Amino acid sequence: LAVITTFSSPQLTENKKGKVIKMKEEKKATRQSYGEALLELGKENGNIVVLDADLAGATKTGIFAKEYPDRFFDIGIAEQDMMSTAAGLATCGKIPYASTFAMFAAGRAYDQIRNSICYPNVKICATHAGITVGEDGATHQMIEDLSLMRTIPNMTVMSVSDDTQTKWAVKEISQIDGPVYLRLSRLATPIIYDENYEFKIGKAVQFGEGTDGTIFSTGVTVA
């Protein structure tokens, strides 16, 4: 999901439909929003299963695990195994949400995603993407994950911007019959959209009108 900002002046307060966009003072990390949304989705759909690679506290899948321990699988520090297991669960009618840091999801497990997940109904939810993991060092700063995932056949790639969009996306991708890569961040960022904002997969959100310039942004860089 991207944002297109067009402008003729420095001040932008409305989107294309004339709706005012105001960032709230409250901040929340999209990984936290993911964990909360996953719990709600689990209540609605018994086929939702969650896998993690020894990072449930950081990816926030632990929120789901606490409520549904029988539908949560901690594979350990074995991201490649986790992706293969998720693919297997998908072939049995489950809807797996496999989570780890973006570096390990798109990097270490790329082979398994390419060869085992480009067909099954697996949702790869990668947290700590981009350079928002400064404290963890350069080895964890994954910036090439978007390009890697976009080359895989059938893969839907989504990079969400805030709490509202993340919670919508977590539920929305459960309706997609195929693989999805959902990109999430580590840091708490401003909440941009109100709860009733209508998003559409594959369609950018346009802020403002004008002809002097256009700025494209995606993920937490929108804030």
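**Exercise 1.** Decide whether Tyr193 is buried or exposed in this predicted model.

*Solution.* Start with the cut-off: buried means under 20% relative accessible area. Tyr193 comes in at 1% relative accessibility, so it counts as buried. Next, look at its ring partner. The ring centres of Tyr193 and Phe199 are 4.9 Å apart with the planes at 90°, and planes over 60 degrees apart count as edge-to-face, so that is the label for this pair. Phe199 has 12% relative accessibility, so this residue is buried too.

**Exercise 2.** Work out how the rings of Trp168 and Phe199 are arranged, and where in the chain the two residues sit.

*Solution.* A ring pair is described by the distance of the centres and the angle of the planes. A search of the whole structure turns up 7 aromatic pairs. In the one made by Trp168 and Phe199, the centres are 5.3 Å apart and the planes make an angle of 45°, which is a tilted arrangement. Now place the partners: Trp168 belongs to helix α8, while Phe199 is in the loop between β9 (188-190) and β10, so the pair links distant parts of the chain, 31 residues apart. Trp168 is at 19% relative accessibility and therefore counts as buried. Finally, zoom out: Trp168, Tyr193, Tyr197, Phe199 and Phe207 make up one aromatic cluster.

**Exercise 3.** Find out how enclosed helix α8 is, and what its buried residues pack against.

*Solution.* Go residue by residue along the helix. The buried ones are Asp163, Thr164, Gln165, Thr166, Trp168, Ala169 and Val170. That makes 7 of the 10 residues of α8, so the helix is largely enclosed by the rest of the structure. Then check the neighbours: the buried residues of α8 pack against β2 (27-29), α1, β5, β7 (156-159) and β8. Last, look at the N-terminal end of α8, which is capped by Asp162: one of its side-chain oxygens lies 3.3 Å from the backbone nitrogen of Thr164.

**Exercise 4.** Which residues does Ser33 touch, leaving out those up to four places away in sequence?

*Solution.* First locate Ser33, which is in helix α1. With 0% relative accessibility, Ser33 counts as buried. Its contacts are Lys28, Asp163, Thr166 and Lys167. Tyr34 also touches Thr166, and its other contacts include Tyr97, Cys125 and Val170.

**Exercise 5.** Classify Ser116 by its accessibility.

*Solution.* Ser116 is found in helix α6 (residues 110-117). Its relative accessibility is 29%, so Ser116 counts as partly exposed. For its setting, take Gly88, 28 residues away along the chain: the two C-alpha atoms are 8.6 Å apart.

**Exercise 6.** Where does the charged end of Arg71 sit?

*Solution.* Look for a ring below the charge. The charged end of Arg71 is over the ring of Tyr68, 4.4 Å from the ring centre.

How values were computed:
Residues are numbered from 1 along each chain as its sequence is written. This is a predicted model: local features need pLDDT of at least 70, side-chain atom pairs count only at pLDDT 80 or more; totals for chains, interfaces and linings use all residues. Side-chain values use heavy atoms; hydrogens and water are left out. Helices (H or I, at least four residues) and strands (E, at least two) are DSSP runs, numbered from the N terminus. Buried means under 20% relative accessible area, exposed over 50%, partly exposed in between (1.4 Å probe, protein chains only). Contact means heavy atoms within 4.5 Å. Rings of Phe, Tyr and Trp (its six-membered ring) pair if their centres lie within 6.5 Å; planes under 30 degrees apart count as stacked, over 60 as edge-to-face and the rest as tilted. A charge sits over a ring if NZ of Lys or CZ of Arg is within 6 Å of the ring centre and within 35 degrees of the ring normal. A polar contact is a pair of N or O atoms within 3.5 Å; within protein, one must be able to donate a hydrogen and the other to accept it, and residues adjacent in sequence count only if both atoms are side-chain atoms.
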